[in-house]
Amino acid sequence: MLVLAEDIGSRPAGSPAERQAAQYISHQLATYGYETQVEEFSVEYYVEEAGLEVVSPISLSLSPGALRLSAAGEVTAELAAAGLGRPEDFPPEGLKDRIALIERGDLSFADKVANANAADAAAVVIYNNAEGPFQGDLQAESAIPAVSLSQAEGGQLQTLLEEGPLTVRLFVQSTQETSTSQNIIGRPPEDDCQLIVGAHYDSVAAGPGANDNASGSATLLEIARVLDLSDGEQGVCFVAFGSEETGLLGSRHFVATLISQDEPSPQAMINLDMVGVGDEWHIMGSTSLAEKTAQVATALGLDPLLTEPHFSSDHLSFTDAGIPAILIHRFEDPRYHTESDRAEFVEPQLLEEAAKLTLLALAELAGS
Ligand SMILES: [Zn+2]
């Protein structure tokens with residue numbers, strides 16, 4: 001897990017870091033005796049660029065970052081302070097085409113931008129509440145352009161604003177690029193995939209993706225390592241998916257390829273996503289597979305919760321194609337999709353529990 005979350009770090013879909021992580025996973029699976037295959041597919045993504053400068057009464061150029069999925073656009077307008085961007089932080093009459101200056105904290109970036117849009121702001125600048133610049137993610141495309149700024153530059157704008165009106169020019173530009181992402185498949189030599197253990201290894205751009213999902217990838221590798229191939233453990237394949245965060249692209253590609261090549265349909269798929277933080281084990285997905293796995297978890301003393309499917313991850317690509325699949329995870333992670341999703345917050349004991357649970361569930365399924 002440390003290799004993925006610390007040595008490599010953030011692994012966005014289609015990036016060189018994602019490719020480096022794929023090579024590491026492939027190498028590990030080969031070391032454990034699996035036949036490995038790299039399944040490539042193309043991904044399209046947006047590269048956002050941002051600019052911000054004060055144009056009057058002085059001229060001052062700043063160094064913003066675009067928030068991921070910010071609307072593109074250029075706005076020259078008066079700047080207006082709007083606290084933390086809570087509804088009550090905006091003047092009752094709204095901001096009417098001005099640019100909102102908001103401090104980071106308390107609300108999600110998406111909520112701050114949505115509140116500013118509701119107050120008729122034309123664009124948003126969010127400055128850091130800790131030292132340095134930051135990268136943020138809006139999760140879905142925003143209605144108005146939004147940029148991030150370091151604490152120091154945000155403070156500079158606040159000070160200038162207190163002295164009088166300030167006009168700034170802000171732009172966000174977004175260009176679509178195409179790149180290659182990949183799934184890594186590890187099969188037992190000369191065998192079909194009757195059971196599949198899967199985990200995505202890409203991360204959001206905002207952070208190093210330790211819990212989401214170096215935790216699941218590392219657990220997958222550990223399961224692959226301890227499964228004794230020489231001991232007749234047949235038919236269990238491991239698939240590390242790329243580009244989950246940009247719409248389950250890797251698993252969709254894997255399942256589509258499986259179907260198009262007319263390969264025998266796997267009996268079941270177990271997906272590990274975010275298994276290292278949080279209070280409870282959740283199991284969701286195909287009913288009978290989920291119930292069987294929950295029984296195994298209960299026998300291990302893990303006290304699992306069978307949860308209604310509500311969390312989007314790679315198992316859905318399988319259930320959508322009629323292949324029984326479940327997700328094992330712990331989703332209460334306060335650092336989800338942030339720069340703080342770091343290895344130090346992942347509990348090794350939880351990865352061990354996830355590995356034991358999956359191994360037992362595999363044994364149960366192989367015997368049934
Ligand atoms: Zn994930």
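Analyst: A nonpolar core is a set of buried Ala, Val, Leu, Ile, Met, Phe, Trp, Tyr and Cys residues that are joined through C-beta atoms within 7 Å. A residue counts as buried when 20 or more other C-beta atoms lie within 10 Å of its own. The model examined here is predicted.

The largest nonpolar core has 63 residues, and the members that touch the most other members are Leu 220, Phe 238, Ala 240, Ile 326 and Ile 328. Helix α9, residues 348–367, gives this core its largest share, eight residues. Apart from neighbours within four places in sequence, Ile 326 is in contact with residues including Ile 270, Ile 283, Met 284, Leu 289 and Ala 290. The contacts of Ile 326 also include Asn 271, Gly 285, Ser 286, Thr 293 and His 315.

There is also a second, separate core, which has 36 residues. Among them are Ile 99, Phe 109, Ala 123 and Leu 149.

What pairs with β6? Strand β5, residues 99–103, pairs with β6 in the parallel sense over five bridges. Within this pairing, Ala 100 has Val 124 of β6 as its bridge partner. To get from β5 to β6, the chain passes through helix α3, residues 109–118, and this β-α-β crossover is right-handed. Strand β7, residues 146–149, also pairs with β6 in the parallel sense, over four bridges. In β7, Ala 146 stands opposite Val 124.

The next step is the division of the chain. The protein is divided into domain 1, made of 2–34 and 188–367, and domain 2, made of 46–175. The centres of the two domains, taken over C-alpha atoms, are 37 Å apart. Five residues of domain 1 are in contact with five residues of domain 2. On the side of domain 1 that touches domain 2, three residues are nonpolar, one is polar and one is charged.

Leu 302 lies in the loop between α7 (287–299) and β13 (305–306). With 18 other C-beta atoms within 10 Å, Leu 302 is partly exposed. Leaving out residues up to four places away in sequence, Leu 302 touches Trp 281, Ala 297, Glu 353 and Leu 357. The C-alpha atom of Leu 302 is 9.6 Å from that of Ala 354, although 52 residues separate the two along the chain.

Leu 248 is in the loop between β10 (236–241) and α6 (249–260). Leu 248 counts as buried because it has 21 C-beta neighbours inside 10 Å. The phi angle of Leu 248 is near 55 degrees, a positive value in a residue other than glycine. Leu 69 also has a positive phi, near 75 degrees. Leu 69 sits in the loop between β3 (65–66) and β4 (73–81), and is partly exposed, with 19 other C-beta atoms within 10 Å.

Technical notes: Residues are numbered from 1 along each chain as its sequence is written. This is a predicted model: local features need pLDDT of at least 70, side-chain atom pairs count only at pLDDT 80 or more; totals for chains, interfaces and linings use all residues. Domain bounds come from an automatic or database domain assignment. Two residues are in contact if their C-beta atoms, placed from the backbone, lie within 7 Å. Ala, Val, Leu, Ile, Met, Phe, Trp, Tyr, Cys and Pro count as nonpolar, Asp, Glu, Lys and Arg as charged, and the others, Gly among them, as polar. A residue is buried if 20 or more other C-beta atoms lie within 10 Å of its own, exposed if 12 or fewer, and partly exposed in between; C-beta atoms are placed from the backbone. Helices (H or I, at least four residues) and strands (E, at least two) are DSSP runs, numbered from the N terminus. Two strands pair if DSSP finds at least two bridges between them. A crossover is right-handed if, with the strands pointing away from the viewer, the path from the first strand over the helix to the second runs clockwise.
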